[in-house]
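Biologist: I have the model open and a few things to ask. Can we go through it piece by piece?

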Amino acid sequence: MATVLRNWSYQYQWLYDGISQLAALAVGGERRFHYLPLQNLTICHETKILDLCCGSGQATRFLVEYSQNVTGLDASPLSLGRAKRNVPQAGYVEGLAEEMPLPDAQFDIVHTSVALHEMTPTVLRQIIKEVHRVLKPGGIFTLVDFHKPTNFLFWPGVAIFLWLFETETAWQLLEEDLVGLLEETGFKICEHRLYAGGSLQVIQVRKVEG
Ligand SMILES: C[S@@+](CC[C@H](N)C(=O)[O-])C[C@H]1O[C@@H](n2cnc3c(N)ncnc32)[C@H](O)[C@@H]1O
């Protein structure tokens, strides 16, 4: 699955960003899209935030508006190089989200934006465990990603998007009970909100203290 457009969108940042901006119109634009996972969170300048699978810093650049303590992690040296140029206010770590080269209990917030749909079900489970490990007790994991549309009118747009740009892992995510997985790993659900006819979900969970 996926077409040559997927490779091009990773190769040419202007294409990736253009498509993201277009898709974000479904929720009122890019700024609002990036604000959705941050809604209702208390963030100050000292809040330690990990932007997991930060790509070229598309969401990182919004996170640094809230905190001076943002770290981006990504497996792609090309994307990290771009992120460093685009958002020099953040620190960066190259590594796998399922095996983070980071110590335990470091972050107040782990944030991830449209990345979990890139993971196989096995890797997804490993990542959730790793997020739990690197969060401080009481810390928050907040994510925004695809969800199976609840409004059938949104199905054609989602199907075309996934066919053009994504692989089978995006389809697999639509079938995942992400909330259930997070609860099994020791998180307490704070929010699960759907947007754009249910095609987009925001989940906020807390690492249970003690
Ligand atoms: C669709 S992009 C999302 C980028 C950005 N977060 C955004 O909001 O646009 C997915 C990113 O996940 C990264 N990625 C994929 N698998 C990964 C893994 N196992 N560990 C770390 N990063 C990974 C890719 O390199 C890519 O930069």
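Biologist: What does the accessible surface of the protein chain come to, and what share belongs to carbon and sulfur atoms?

Modeller: The accessible surface is about 10000 Å², and carbon and sulfur atoms hold 56% of it. Areas are from the Shrake-Rupley method with a 1.4 Å probe, and for residues only the protein chains shown count as cover. Note that this is a predicted model: local features need pLDDT of at least 70, side-chain atom pairs count only at pLDDT 80 or more, and totals for chains, interfaces and linings use all residues. Residues are numbered from 1 along each chain as its sequence is written, and side-chain values use heavy atoms, with hydrogens and water left out.

Biologist: How many helices and strands are there in the chain?

Modeller: The protein chain has nine helices and seven strands. These are DSSP runs numbered from the N terminus: helices are H or I with at least four residues, strands are E with at least two.

Biologist: Why call it as compact as a globular protein of that length?

Modeller: The radius of gyration is 16 Å, close to the 17 Å that the globule rule gives for 210 residues, so the chain is as compact as a globular protein of that length. The radius is taken over C-alpha atoms, and the rule is 2.2 Å times the number of residues to the power 0.38. The C-alpha trace spans about 45 × 35 × 30 Å along its principal axes.

Biologist: What percentage of the residues is buried?

Modeller: Buried residues are 51% of the 210. Buried means under 20% relative accessible area, exposed over 50%, and partly exposed in between, with a 1.4 Å probe and protein chains only.

Biologist: Which residues have the most contacts inside the largest nonpolar core?

Modeller: Leu 50, Leu 52, Val 110, Val 131 and Phe 141, in a core of 30 residues. A nonpolar core is a set of buried Ala, Val, Leu, Ile, Met, Phe, Trp, Tyr and Cys residues joined through side-chain atoms within 4.5 Å. Strands S1 (49–52), S4 (107–113), S5 and S7 (200–207) and helices H6 and H9 each give two or more residues to this core. The largest share, six residues, is from H6. Apart from this core lies another, of 15 residues, including Ile 49 and Ile 109.

Biologist: What does Phe 141 touch?

Modeller: Leaving out residues up to four places away in sequence, the partners of Phe 141 include Val 110, Val 131, Leu 182, Phe 187 and Ile 203. Contact here means heavy atoms within 4.5 Å.

Biologist: And Thr 142, buried or exposed?

Modeller: Thr 142 is buried, at 0% relative accessibility. This residue lies in strand S5. Beyond its neighbours within four places in sequence, Thr 142 contacts Pro 37, Leu 41 and His 111, among others.

Biologist: Switching to H8. Which residues are buried there?

Modeller: In H8 (residues 168–175), Thr 169, Ala 170, Leu 173 and Leu 174 are buried. Seen down the helix axis they fall within an arc of 155°, so they line one face of H8. The arc is that of the directions from the helix axis to the C-beta atoms. They pack against H6 (121–134), S5 (135–146), H7 (155–165) and H9 (178–184).

Biologist: What does Pro 121 touch, then?

Modeller: Gln 172 and Glu 176, again not counting residues up to four places away in sequence. Pro 121 is in helix H6 and is partly exposed, at 30% relative accessibility.

Biologist: Last one. Which phi value does Ala 196 have?

Modeller: Phi of Ala 196 is near 50°, a positive value in a residue other than glycine. Ala 196 is in the loop between strand S6 (187–195) and S7, and is buried, with a relative accessible area of 14%. Val 114 also has a positive phi, near 40°, and sits in the loop between S4 and H6.
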